[in-house]
Amino acid sequence: LKPHPEGGFYREFFRSPVVLTGDPILKPFGAARTLLTAIYFLLPEGEFSMFHRLKSDELWVHIDGGPLQIVELAPDGGRIDTLLGSEVGQQRDYCVSAGAWFGARPMKQAGYTLSTCLVAPGFEFDDFEIASRSQLLADFPGEVEIIGELTRESGS
(Lines give C-alpha, C1' and ligand atoms only; values in the text may rest on other atoms or scores of the structure.)
Protein backbone atom coordinates (compact mmCIF):
# COMPACT_ATOMS: atom_id res chain seq x y z
CA LEU A 1 0.00 0.00 0.00
CA LYS A 2 1.15 3.55 -0.62
CA PRO A 3 0.09 6.89 0.92
CA HIS A 4 -3.00 8.53 -0.58
CA PRO A 5 -3.12 12.35 -0.89
CA GLU A 6 -6.43 12.45 1.06
CA GLY A 7 -4.90 10.44 3.94
CA GLY A 8 -4.58 6.73 4.60
CA PHE A 9 -3.04 4.17 2.28
CA TYR A 10 -4.23 2.50 -0.92
CA ARG A 11 -3.47 0.05 -3.68
CA GLU A 12 -5.40 -0.14 -6.92
CA PHE A 13 -6.15 -3.78 -7.67
CA PHE A 14 -8.57 -3.47 -10.59
CA ARG A 15 -8.88 -1.15 -13.58
CA SER A 16 -11.43 -2.23 -16.16
CA PRO A 17 -10.10 -2.75 -19.67
CA VAL A 18 -13.37 -1.22 -20.93
CA VAL A 19 -12.99 2.48 -21.73
CA LEU A 20 -16.03 4.73 -22.07
CA THR A 21 -15.79 7.14 -24.99
CA GLY A 22 -19.37 8.17 -25.77
CA ASP A 23 -21.44 11.21 -24.90
CA PRO A 24 -23.44 12.16 -22.71
CA ILE A 25 -21.94 10.02 -19.90
CA LEU A 26 -18.54 11.65 -20.25
CA LYS A 27 -19.68 15.28 -20.43
CA PRO A 28 -18.61 16.05 -16.80
CA PHE A 29 -15.24 14.37 -17.38
CA GLY A 30 -14.23 15.98 -20.67
CA ALA A 31 -12.41 12.83 -21.80
CA ALA A 32 -12.65 9.06 -22.05
CA ARG A 33 -12.78 7.18 -18.74
CA THR A 34 -12.26 3.61 -17.60
CA LEU A 35 -15.55 1.88 -16.80
CA LEU A 36 -14.61 0.93 -13.21
CA THR A 37 -11.67 1.01 -10.81
CA ALA A 38 -11.22 -0.61 -7.40
CA ILE A 39 -8.73 -0.04 -4.58
CA TYR A 40 -7.99 -1.32 -1.11
CA PHE A 41 -8.05 1.64 1.28
CA LEU A 42 -6.55 1.43 4.77
CA LEU A 43 -7.12 4.03 7.48
CA PRO A 44 -5.25 3.42 10.74
CA GLU A 45 -6.93 4.72 13.90
CA GLY A 46 -6.03 8.38 14.44
CA GLU A 47 -5.81 9.12 10.70
CA PHE A 48 -8.58 10.33 8.43
CA SER A 49 -9.60 10.76 4.83
CA MET A 50 -9.83 14.53 4.24
CA PHE A 51 -12.99 16.03 2.82
CA HIS A 52 -12.81 15.54 -0.93
CA ARG A 53 -15.08 14.90 -3.88
CA LEU A 54 -15.03 12.96 -7.11
CA LYS A 55 -16.83 13.37 -10.42
CA SER A 56 -17.89 9.69 -10.11
CA ASP A 57 -19.93 7.67 -7.65
CA GLU A 58 -17.81 5.82 -5.08
CA LEU A 59 -18.98 2.61 -3.42
CA TRP A 60 -17.26 1.82 -0.09
CA VAL A 61 -17.31 -1.77 1.17
CA HIS A 62 -16.05 -2.68 4.66
CA ILE A 63 -13.49 -5.52 4.51
CA ASP A 64 -11.78 -5.75 7.90
CA GLY A 65 -10.99 -3.90 11.11
CA GLY A 66 -13.21 -1.63 13.15
CA PRO A 67 -16.04 0.62 12.05
CA LEU A 68 -15.51 3.65 9.82
CA GLN A 69 -17.48 6.89 10.00
CA ILE A 70 -18.20 8.39 6.57
CA VAL A 71 -19.33 12.03 6.73
CA GLU A 72 -21.01 13.48 3.66
CA LEU A 73 -21.94 17.16 3.36
CA ALA A 74 -25.13 17.40 1.32
CA PRO A 75 -25.70 20.16 -1.24
CA ASP A 76 -28.72 21.38 0.78
CA GLY A 77 -26.40 22.13 3.71
CA GLY A 78 -27.29 18.96 5.61
CA ARG A 79 -25.02 16.18 6.76
CA ILE A 80 -25.19 12.41 6.26
CA ASP A 81 -23.26 10.21 8.72
CA THR A 82 -22.81 6.55 7.86
CA LEU A 83 -21.18 3.94 10.07
CA LEU A 84 -19.48 1.38 7.84
CA GLY A 85 -18.65 -1.92 9.52
CA SER A 86 -19.50 -5.57 10.05
CA GLU A 87 -21.44 -5.41 13.33
CA VAL A 88 -25.22 -5.29 13.79
CA GLY A 89 -26.46 -1.76 13.15
CA GLN A 90 -23.55 -0.88 10.86
CA GLN A 91 -23.70 -0.79 7.08
CA ARG A 92 -21.46 -3.17 5.16
CA ASP A 93 -21.41 -0.82 2.15
CA TYR A 94 -22.28 2.75 1.24
CA CYS A 95 -22.27 4.76 -1.99
CA VAL A 96 -21.18 8.40 -1.99
CA SER A 97 -22.76 10.26 -4.90
CA ALA A 98 -20.65 12.01 -7.51
CA GLY A 99 -19.90 15.62 -6.56
CA ALA A 100 -20.57 15.25 -2.82
CA TRP A 101 -17.98 16.46 -0.30
CA PHE A 102 -17.08 13.62 2.06
CA GLY A 103 -14.44 12.41 4.47
CA ALA A 104 -13.97 9.39 6.70
CA ARG A 105 -12.25 8.21 9.88
CA PRO A 106 -12.02 5.02 11.91
CA MET A 107 -14.04 5.14 15.11
CA LYS A 108 -12.19 5.27 18.44
CA GLN A 109 -10.61 1.94 19.39
CA ALA A 110 -11.13 0.60 15.85
CA GLY A 111 -7.40 0.01 15.42
CA TYR A 112 -7.79 0.36 11.67
CA THR A 113 -10.37 0.03 8.92
CA LEU A 114 -9.77 -1.69 5.60
CA SER A 115 -12.26 -0.98 2.84
CA THR A 116 -12.60 -1.53 -0.85
CA CYS A 117 -13.57 1.55 -2.84
CA LEU A 118 -15.11 1.08 -6.28
CA VAL A 119 -15.40 4.12 -8.56
CA ALA A 120 -17.52 4.30 -11.72
CA PRO A 121 -16.66 5.76 -14.14
CA GLY A 122 -13.16 4.82 -13.03
CA PHE A 123 -10.99 6.96 -10.76
CA GLU A 124 -8.56 9.46 -12.22
CA PHE A 125 -6.66 11.98 -10.13
CA ASP A 126 -7.89 14.70 -12.55
CA ASP A 127 -11.42 14.07 -11.18
CA PHE A 128 -10.33 14.27 -7.52
CA GLU A 129 -10.55 17.50 -5.48
CA ILE A 130 -9.46 17.99 -1.86
CA ALA A 131 -11.64 20.54 -0.08
CA SER A 132 -10.46 23.92 1.08
CA ARG A 133 -11.31 24.33 4.78
CA SER A 134 -12.24 27.99 4.29
CA GLN A 135 -14.59 27.20 1.40
CA LEU A 136 -16.29 24.35 3.28
CA LEU A 137 -16.78 26.63 6.31
CA ALA A 138 -18.38 29.25 4.06
CA ASP A 139 -20.65 26.68 2.38
CA PHE A 140 -21.50 24.66 5.54
CA PRO A 141 -21.35 27.10 8.50
CA GLY A 142 -23.20 24.65 10.78
CA GLU A 143 -20.48 21.99 10.43
CA VAL A 144 -17.49 23.84 11.92
CA GLU A 145 -16.40 20.98 14.22
CA ILE A 146 -16.38 18.14 11.67
CA ILE A 147 -14.82 20.37 8.98
CA GLY A 148 -12.01 21.18 11.41
CA GLU A 149 -11.54 17.48 12.18
CA LEU A 150 -11.49 16.24 8.56
CA THR A 151 -9.38 18.94 6.88
CA ARG A 152 -5.67 19.72 7.28
CA GLU A 153 -5.18 23.36 6.31
CA SER A 154 -5.38 26.13 8.89
CA GLY A 155 -8.93 27.34 9.43
CA SER A 156 -10.41 30.78 9.14
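Select Thr116 and show its surroundings: leaving aside neighbours within four places in sequence, Thr116 is in contact with Phe13, Ile39, Tyr40, Leu59, Trp60, Val61 and Ile63. Contact here means heavy atoms within 4.5 Å. Thr116 is buried, with a relative accessible area of 9%. Buried stands for under 20% relative accessible area, exposed for over 50%, and partly exposed for what lies in between, with a 1.4 Å probe and protein chains only. Thr116 belongs to strand E12.

The model is a predicted one, in which local features need pLDDT of at least 70 and side-chain atom pairs count only at pLDDT 80 or more, while totals for chains, interfaces and linings use all residues. Residues are numbered from 1 along each chain as its sequence is written, and side-chain values use heavy atoms, with hydrogens and water left out.

**The whole chain**

Zoom out and colour by secondary structure. The protein chain has 2 helices and 13 strands. These are DSSP runs numbered from the N terminus: helices are H or I with at least four residues, strands are E with at least two. The radius of gyration is 15 Å, close to the 15 Å that the globule rule gives for 156 residues, so the chain is as compact as a globular protein of that length. The radius is taken over C-alpha atoms, and the rule is 2.2 Å times the number of residues to the power 0.38. Along its principal axes, the C-alpha trace spans about 45 × 35 × 30 Å.

Of the 156 residues, 42% count as buried. Among contacts between residues at least 6 apart in sequence, 73% join residues at least 24 apart. Switch to a surface: the accessible area of the protein chain comes to about 8000 Å², with 55% of it belonging to carbon and sulfur atoms. The area comes from the Shrake-Rupley method with a 1.4 Å probe; for residues, only the protein chains shown count as cover.

**The six-stranded sheet**

Return to the cartoon and select E1, E2, E5, E12, E7 and E10. In that order they form an open sheet of 6 strands with antiparallel pairing. Two strands pair if DSSP finds at least two bridges between them. At the edges are strand E1 (2–3) and strand E10 (93–96), each pairing on one side only.

Step across the sheet from E2. Strand E2 (residues 9–15) and strand E5 (residues 37–44) are antiparallel, paired over 6 bridges, and the bridge partner of Tyr10 in E5 is Phe41. E5 is in turn joined to E12 by 8 bridges, again antiparallel; Phe41 stands opposite Ser115 in E12.

At 40% relative accessibility, Asp64 is partly exposed. Not counting residues up to four places away in sequence, Asp64 touches Tyr112, Thr113 and Leu114. A distance between the C-alpha atoms of Asp64 and Leu42 reads 9.4 Å, for residues 22 apart along the chain.

**Strand E6 and its partners**

Next, select strand E6 (residues 49–54). Is E6 mostly covered or mostly open? Mostly covered: 5 of its 6 residues are buried. E6 pairs in the antiparallel sense with strand E11 (residues 101–106) over 2 bridges, where Ser49 stands opposite Ala104. E6 also pairs with strand E13 (residues 128–130), antiparallel over 3 bridges, and there Leu54 stands opposite Phe128.

**Loops**

Pro121 lies in the loop between E12 and E13. A cis peptide bond joins Ala120 and Pro121, with omega about -15°.

Gln109 is in the loop between E11 and E12. Its phi is near 65°, a positive value in a residue other than glycine. Gln109 is exposed, with a relative accessible area of 76%.

Finish at Lys27, in the loop between strand E3 (19–20) and strand E4 (33–34). Lys27 is exposed, with a relative accessible area of 64%. Select Asp127 as well: the C-alpha atoms of Lys27 and Asp127 are separated by 12 Å, although the residues are 100 apart along the chain.
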